[in-house]
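Open the model in your viewer and keep the selection tool at hand. This tour goes stop by stop.

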Amino acid sequence: IATYFASQTGEQLAVGMKVLVRVTISYHELYGLSFQIQDIDPTYTLGDWEQQRQQTIARLQEEGVWDMQQSLRTPTLPRRIAVISSADAAGYGDFQHQLMHNRGAYRFQTQLFPALMQGEQSPRSIMQALHTIAEESEDYDIVAIVRGGGATTDLRNFDDYDLACHCAQFPLPIIAGIGHTRDISVVDMVVHTSVKTPTAVAEWLIQRMDAQAERLSQLSLRLQ
């Protein structure tokens, strides 16, 4: 039953989960009451997670922080980037390669703020990185949160209320690329811009530079 549950939800049974099980109860004169689990319904647990997610969204909206990131203007030339990622993650490597080998030879300055991108400690670790960046916010133009792909249930960390609240109220624009093409987390919804992958984050930054390069070229022609 535990194996089946893990295959359907992507997580192991753990203390604190809400589950729906089919059981039998029997009584033995010598051993007393016996309680045996016969089956489990994973969809019930997945539904509970979705309900928690909707409650987080409603709470952020009621508190007036839901769209705070949208009011922030991105710099004309977003070159100084604070990156939150796991140092050895493939997604971080893809992001760096795409950014540093860009077609326009633009120079970007990146600073990694290591954080756990999966596991129970992930939200707290990312928030600690955000706190560190906030103390040096004048040194950066933008924040990128990047991670590679993984199990769908890994995205539950990015539905965490405290993490989403921190991202929503952060003083710098946040660009998220957390490696999922179908699923959207609460953090994806509250940050300034959300794209699918770390590579797409790098491409988003490069396109901003391309746009200004084109603008300069047009102005040059007009002056001539």
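What follows is a list of selections, with a note on what each one shows.

This is a predicted model, in which local features need pLDDT of at least 70, side-chain atom pairs count only at pLDDT 80 or more, and totals for chains, interfaces and linings use all residues. Residues are numbered from 1 along each chain as its sequence is written, and side-chain values use heavy atoms, with hydrogens and water left out.

**Stop 1: the hairpin.** Select residues 21–28 and 32–40. These are strands S1 and S2, which run antiparallel and are joined by eight bridges. Strands here are DSSP E runs of at least two residues, helices are H or I runs of at least four, and both are numbered from the N terminus. Three residues separate S1 from S2 in this hairpin. Now pick Tyr27: its bridge partner in S2 is Leu33.

**Stop 2: the open sheet.** Five strands lie in the order S4-S3-S5-S6-S7, with parallel pairing. Two strands count as paired if DSSP finds at least two bridges between them. Zoom in on S6 and S7, which pair over three bridges. There, Ile175 has Thr193 in S7 as its bridge partner.

**Stop 3: helix H5.** Select 161–168. Six of the eight residues of H5 are buried (under 20% relative accessible area with a 1.4 Å probe, protein chains only; over 50% is exposed, in between is partly exposed). They are Tyr161, Leu163, Ala164, Cys165, Cys167 and Ala168. Show their surroundings: they pack against H2, H4, S5, S6 and H6, with contact meaning heavy atoms within 4.5 Å. At the N-terminal end, Asp160 caps H5, with a side-chain oxygen 3.1 Å from the backbone nitrogen of Asp162.

**Stop 4: the cores.** Which residues touch the most other members of the largest nonpolar core? In this core of 33 residues, they are Ile84, Ile133, Val143, Ile145, Phe158 and Cys167. A nonpolar core is a set of buried Ala, Val, Leu, Ile, Met, Phe, Trp, Tyr and Cys residues joined through side-chain atoms within 4.5 Å. H5 supplies the largest share of this core, six residues. Center on Ile133: beyond four places away in sequence, it touches Ala82, Ile84, Phe113, Tyr140, Val143, Phe170 and Leu172. Finally, select Val83, Leu112, Ala144 and Val146, which are among the 20 residues of a second, separate core.

Conventions:
Polar contact = N/O pair within 3.5 Å; in protein donor to acceptor, adjacent residues only side chain to side chain.
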